[in-house]
Amino acid sequence: MRQVYLDYSATTPVKKEVLDAMLPYFTEVYGNPSSLYSISDASKEAIATARGQVAELIGATDKEIFFTSGGTEADNWALMGVTDALKNKGNHIITTKIEHHAILHTCEFLEKHGFEVTYLDVNAEGMVEPAALEAAIRDNTVLVSIMMINNEVGTLQPIRELAAIAKAHGVLFHTDAVQAAGNVEIDVKEMGIDLLSMSAHKIYGPKGIGALYVRRGVRISNYMHGGAQETRKRAGTENLPGIVGFGKAAEMAKANLQAHIDHCSSLRNYLVEQIMANLEDVHVNGSMEYRHPGNANMTFEYIEGEAMLLYLDMHGISVSTGSACSSKSLTPSHVLTALGIPVERIHGTLRMTVGDMTTKEDIDYTVEVLVKVVNKLREISSVSKEKGW
Ligand SMILES: *Cc1c(COP(=O)(O)O)cnc(C)c1O
């Protein structure tokens, strides 16, 4: 059976070049970078090279990149570290209702510890209104955290404008760019970003490695305590092979950016067009203009997303409903809810994300199977346009 992976926003396979770059760092170059003897020099050099490669992907300087165990740790550290360092200045944070749980659950934790959090609404396309941010800033606001690209509906936020508003009020601006890195051009200096989270496994690198960009001069407390690694900012022996793989993945993402965007957006557009041409009562969620190049988030009325997911899986096609984390529960996605999508439509929603390895044949096969599955499910469904809900 054909296998079609359409969940690149959940994770990506490691590219061959990335794996090849990593392999020597398991067995041949294994010296602890903190050790003083000369065999550790190669480890130190490899980390320095990777730091430069990651910095270059987002227009940062090497010294502003701190490796973490992934996007989740980078998000936790940004919020916990900045609020701790600035606790004498204020206790108010602004974020949005559509953030990843790595941000939302950290905000809930901070709320239990005396911080106040404003969760901004988004419009029907999933966009934060700059005026809403402006209105939410208070004298005691210390941090604004707004994701660059949403992981479910793929909406790209007006980051420059939002960061400029934070800056005008002397408030730090963090962005979770885990979905954005390698999918849109990022220049932290030109965009006015103070802190930015990234993860390797979303850009064809290994799992368990990420980074937090911290602009020079930004005060942030440590999150991991221990040794003096990462210029004393993030303790723990470096994940050497992971860091090397992340560096290689970042280098490739930068070199291939335009080709990647063209490849993904043309296949994604073809997928959406073919589905719309062959099925009725289907909607695309989010913005078509300001969007992740590989994201198709679509609602199929009168059926359950979980039923579609299982049928597609039986045909070798991997997609997700809402987000990977909520696919095990039936609580409607907080993102689709924030877009104002009615609950019965949320239940009929699929997220399909294409990537570098996706082919036109994959899309043709998916559309063929999906059209059959949707028609079959609608036939046996107890609700329909004719039957009513
Ligand atoms: C995947 C993801 C994360 C978490 O990153 P991990 O490296 O898996 O911990 C955070 N934010 C967004 C938007 C993501 O898509």
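S333 is buried, with a relative accessible area of 6%; buried here means under 20%, exposed over 50% and partly exposed in between, with a 1.4 Å probe and protein chains only. The residue is found in the loop between β11 (317–318) and α13 (334–338). Helices (H or I, at least four residues) and strands (E, at least two) are DSSP runs, numbered from the N terminus. The side chain of S333 reaches the backbone nitrogen of L336 at 2.9 Å. A polar contact is a pair of N or O atoms within 3.5 Å; within protein, one must be able to donate a hydrogen and the other to accept it, and residues adjacent in sequence count only if both atoms are side-chain atoms.

The model is predicted: local features need pLDDT of at least 70 and side-chain atom pairs count only at pLDDT 80 or more, while totals for chains, interfaces and linings use all residues. Residues are numbered from 1 along each chain as its sequence is written, and side-chain values use heavy atoms, with hydrogens and water left out.

The next topic is the aromatic rings. The structure holds four aromatic pairs. Rings of Phe, Tyr and Trp (its six-membered ring) pair if their centres lie within 6.5 Å; planes under 30 degrees apart count as stacked, over 60 as edge-to-face and the rest as tilted. Two of the pairs are set out here.

| Pair | Centre to centre | Angle between planes | Class |
|---|---|---|---|
| Y8 and Y204 | 6.1 Å | 50° | tilted |
| F67 and F246 | 6.1 Å | 70° | edge-to-face |

Y8 lies in the loop between β1 (4–5) and α1 (16–22), and Y204 in the loop between β7 (195–199) and β8 (210–214), so their pair ties together parts 196 residues apart in sequence. Both Y8 and Y204 are buried. F67 belongs to strand β2 (residues 65–68) and F246 to helix α10 (residues 240–255), so this pair ties together parts 179 residues apart in sequence. F67 is buried at a relative accessible area of 3%, and F246 is buried at 0%.

Ring pairs also link Y5, Y8 and Y204 into a cluster. K15 lies over the face of Y204, at 4.4 Å from the ring centre; a charge sits over a ring if NZ of Lys or CZ of Arg is within 6 Å of the ring centre and within 35 degrees of the ring normal.

Strand β12 (residues 349–353) is largely enclosed by the rest of the structure, because five of its five residues are buried. T349, R351 and T353 point one way from β12, and L350 and M352 the other way. β12 and strand β10 (residues 295–300) pair in the antiparallel sense over five bridges, where pairing requires that DSSP finds at least two bridges. A296 stands opposite M352 in β12.
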